[in-house]
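Let's take a walk through this structure together. Have a look at it first, and then we'll go through it piece by piece.

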Amino acid sequence: MKYMIGIDIGTTSTKAVIYDEAGNFLNKHSIEYPMSTPEIGVAEENPAEIFDAVLFTVKKVIRETGAEAKDIKLLSFSSAMHSLIAMDKDNQPLTECITWADNRAREYADMINEQHNGIEIYKRTGTPIHPMSPLSKIYWLKLEHEDIYNQTKKWIDIKSYVFYQLFEEYVMDHSIGSATGMMNLESLSWDKEVMSLLGIDESKLPNLVSTTHIMKNINKKYADFMGISENTPIVIGASDGVLSNLGVNSYREGEVAVTIGTSGAIRTIIDKPKTDDKGRIFCYVLTEDHYCIGGPVNNGGVVLRWLRDELLASEVETAKRLGVDSYDVLTKIASRVKPGANGLIFHPYLAGERAPLWNANARGSYFGLTLSHKKEHMIRAALEGVLLNLYTVYLALVEVMDKSPEQIKATGGFAKSEVWRQMMADIFDTSVEVPESYESSCLGACVLGLKALGEIKDFEVLNDMVGKTYQHEPNQENVDIYQSLIPIYINLSRKLTEEYDLISEFQATHS
């Protein structure tokens, strides 16, 4: 038997998933690592820890499956977007891995928008101007940390770092490149005007390659450690977002996929680059014939984790005693409350927000609190708030799409919750389909790997690979309730723009 391994380098963990040639799930292993957030705006990780996680997860799934090196058909990679690492002349990191969640470049993102015609840069590159992007981060380091800027030989992302360790070559796939804010979508090359703005040239960046680019002759010590051959094809793959669409079999016109993990996103695939005159959505590469448009949100499962850790200690303790997942307990508590949480609205902007606000200063809030509201209402409102926020991104996406979506395919950790799945169907007033396998980005990476090897011509093979799905239809009574809440939710977030800036400034001064 031959095996495929998909590796997903995520924000909070790296996972490796092993499949047989038919795409049947066999085994997985994941390793978590800490994110350093010593002060407001900072969100960094140790790149060496992440590289070790890649090695150990692959080693683990191969060993537990009983696979031999000669039977590994391919490894293919998925990765979180927007990370940045500055490497020196000795190919050592000058910085930690600065993640998408790091907001220290927000002032400089504003400068790019206001002083350097940011909307035109966005239209060429597909990445909205925001502190998440490596474009904004490098601009910040150039103006604020000249010592790091001057010592930097290469500006890379976390996947480029992993590939450099494995092959001693700096490469970046078009998908990750299109999320930097520095790659021209039409030419699939580094954008000359952006290079000029940053004061760098292409020699300071990795070589751009197709998402189906194959590399061999991996460093022998790492091949031996993982349990693969030096000649095993290693496919560079793409970003986690676009591969998640692929992994839930959502790549045709009019199909929409929603992912909620730590953060969240809503996306659809089109056949050529397209941007939004209002700058609300991204456009990233899957392949040269497939482009992904949509919007990312900072606040997905991280909101529920915050609730669990900070407000719900007794419920967590109960869950431990019962031997059940604490998140299952929380969603069951939420299910006791009617849709709309008795008029309690939660804006989930605990980590600033990307789409639809693109405002790093946005802050979370409860609105409508009364003495009649209890803890379960707060939990339900938080769950609803994450989905209502995604729904506002969905509205922008529908406006840009040429065809109205008929169905949403959902994936990510939230998809394990029946309560949240039904809530999504009701809020979006659309049929929601959830594949049995939740590891969509890893499956997408493997299917892209099969295309790279020339074993498939298109992605139709996914029809058989995705397998059983769960279907949820909207409940019309609940739909009507949410449709009444949505305008209040949207209008409130727009009216608070000035207050978000003021409270952010206060927090920066008095924290």
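Helices here are DSSP runs of H or I with at least four residues, numbered from the N terminus. Just past helix H2, Asn-117 takes a positive phi of about 55°. Keep in mind that this is a predicted model.

Stay with H2 for a moment, which spans residues 106–115. Which of its residues are buried? They are Tyr-108, Ala-109, Met-111 and Ile-112, where buried means under 20% relative accessible area. These four cover an arc of only 155° around the axis, so they end up on the same side of H2. And what do they pack against? The buried residues of H2 meet helix H3 (118–125), helix H4 (134–144) and helix H8 (192–198).

Now for a sheet. Strands of a sheet pair through backbone hydrogen bonds, either parallel or antiparallel. Here you'll find an open sheet of seven strands with mixed pairing, in the order E17-E18-E16-E15-E21-E22-E23. At its edges sit strand E17 (282–287) and strand E23 (469–472), each pairing on one side only. On average, neighbouring strands of this sheet are turned by 30° against each other, direction ignored. Look at strand E15 (residues 256–260) and strand E21 (residues 407–411): they pair in the parallel sense over four bridges. In one of these, Val-256 has Ile-408 in E21 as its bridge partner.

The largest cavity has a volume of about 80 Å³, and its lining includes Ile-9, Glu-45, Met-81, Cys-97, Trp-100 and Ile-158.

Definitions and conventions:
Residues are numbered from 1 along each chain as its sequence is written. This is a predicted model: local features need pLDDT of at least 70, side-chain atom pairs count only at pLDDT 80 or more; totals for chains, interfaces and linings use all residues. Side-chain values use heavy atoms; hydrogens and water are left out. Two strands pair if DSSP finds at least two bridges between them. Helices (H or I, at least four residues) and strands (E, at least two) are DSSP runs, numbered from the N terminus. Axes are lines fitted to C-alpha atoms, for helices over the stretch in contact, and angles run from 0 to 180 degrees between N-to-C directions. Buried means under 20% relative accessible area, exposed over 50%, partly exposed in between (1.4 Å probe, protein chains only). The arc is that of the directions from the helix axis to the C-beta atoms. Contact means heavy atoms within 4.5 Å. On a 1 Å grid over the protein atoms alone, a cavity is a set of points where a 1.4 Å probe fits but cannot get out, and a pocket is an open set with protein on both sides within 12 Å along at least five of seven lines; lining residues have an atom within 4 Å of a point. Grid points are joined across faces, edges and corners, and a volume is the space filled by probe spheres set on the points.
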